[in-house]
Amino acid sequence: MKIPGSIFAAMLTPLDSNEQINLDAIPPLIQYILSKGVDGLYVGGSSGEGMLQSLQERSAVLQAVASYALDKCTLIAHVGATSTADAVALAEVAKANNYTAISAVPPYYYKHSFEAISAYYQAIAEVSELPLIIYNIPALSGNDMSTQNLLQLMQNSRIAGVKYTATDLFQFQQLRAQAPDKSFYFGTDEMFLSAAAIGSDGGIGSTYNLIGDVYVNIQSALRSGNIQQARELQCTANDLVQILLETGVLPGLKHALNFIGVPVGPCRKPFNQPSKESIKKLEVWLAKNLL
Ligand code: MN9
């Protein structure tokens, strides 16, 4: 159940000026992302604005990405939804389009018992027969699963591991140590190096849409014992993240890609346009580092 590769971009979804999904802009975005050396794409998650899209839109994006990129890289479909039925339907789309793996946030908005969450994951895993990665992002899902509960979910052999988008490196290490056969991908880009040092299998993040090479290089610097270089690269990434926290991460990333000539359009409302001052800082960083 090992998933090929370790560095996956949490792919943005290109929109047109009316905030409709722009399927034609998917291939150039993927070309750009893959040119930076990442191993694959995580499609339709938080960075892909999946939670702002209808089931039909999410299915269309999964299909369009697969039809362009299936033979080019590893593809992971995010299928998490508020209802089990929607998540299962998306898992079926992922399977029909030959995705390598699927992933899901726990059902959000309503508070559910652990038994209900467990049954949701079981239903998704059964229908797709693909390796399933739990997407742990408590700040956005509102569901901060305990170490015990995450380990219990991972007893299901179809569950391949966790995308861990939080900042608790102690919990991350405990999960890693207690589930040695599973795969752990870190999702907080600004702490990628620290997670790699404590034993992550890789990362899945939003800033990889723009600077995937930085994370590929941090990983290889760490593997060859060059801590100084790894630290410098993490600092480069963090200078960008610091600015993105001012623009808003997704609106800022979309602005950055548009600015360097990879058209992805705006984010869907209620996401706001970044402020003028924050855009200026971002463009200065881009001019210095990417143009
Ligand atoms: O899951 C992303 N998290 C969110 C991945 O979208 C909330 C991260 O890649 C962050 O955007 C990144 C910047 O804070 O770490």
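Hello everyone, and thanks for coming. Some ground rules before we look around. Because the model is predicted, local features need pLDDT of at least 70 and side-chain atom pairs count only at pLDDT 80 or more, while totals for chains, interfaces and linings use all residues. Residues are numbered from 1 along each chain as its sequence is written, and side-chain values use heavy atoms, with hydrogens and water left out.

Let's begin with the ligand. Which residues are closest to the ligand? They are K163, G187, D189, E190 and S206, out of 13 residues that surround it. The shell divides into four nonpolar, six polar and three charged residues. In that count, Ala, Val, Leu, Ile, Met, Phe, Trp, Tyr, Cys and Pro are nonpolar, Asp, Glu, Lys and Arg are charged, and the others, Gly among them, are polar.

Now for the polar contacts, meaning pairs of N or O atoms within 3.5 Å; within protein, one atom must be able to donate a hydrogen and the other to accept it, and residues adjacent in sequence count only if both atoms are side-chain atoms. E190 places a polar side-chain atom 2.6 Å from an oxygen atom of the ligand. S206 also has a polar side-chain atom 2.6 Å from a ligand oxygen. With G187 the backbone takes part: one of its polar backbone atoms is 3.3 Å from an oxygen atom of the ligand. On its own the ligand has 380 Å² of accessible area, and the protein covers 86% of that. Those areas come from the Shrake-Rupley method with a 1.4 Å probe, and for residues only the protein chains shown count as cover.

And the space the ligand takes? It is the largest pocket. A pocket here is an open set of points on a 1 Å grid over the protein atoms alone, where a 1.4 Å probe fits, with protein on both sides within 12 Å along at least five of seven lines. A molecule sits in one if more than half of its atoms lie within 2 Å of its grid points.

Next, some backbone geometry. Most residues other than glycine have a negative phi, and most peptide bonds are trans. Now look at the bond from K269 to P270: it is cis, with omega near 15 degrees. P270 is in the loop between helix 11 (249-259) and helix 12 (276-289).

E49 has phi near 55 degrees, and N98 has about 60 degrees. E49 is in the loop between strand 2 (40-43) and helix 2 (55-69), whereas N98 is in the loop between helix 3 (84-96) and strand 4 (101-104). N98, at 52%, is exposed.

R176 belongs to helix 7 (residues 169-178). Its relative accessibility is 14%, so R176 counts as buried. The R176 side chain makes a polar contact of 2.6 Å with the side chain of D201.

Y135, in strand 5 (residues 132-136), is buried at 3%.

On the exposed side, L140 of helix 5 (residues 138-141) has a relative accessible area of 62%. L245 sits in helix 10 (residues 227-247) and is exposed at 53%.

Key. A residue is near a molecule or strand if one of its heavy atoms lies within 4 Å of it. On a 1 Å grid over the protein atoms alone, a cavity is a set of points where a 1.4 Å probe fits but cannot get out, and a pocket is an open set with protein on both sides within 12 Å along at least five of seven lines; lining residues have an atom within 4 Å of a point. Helices (H or I, at least four residues) and strands (E, at least two) are DSSP runs, numbered from the N terminus. Buried means under 20% relative accessible area, exposed over 50%, partly exposed in between (1.4 Å probe, protein chains only).
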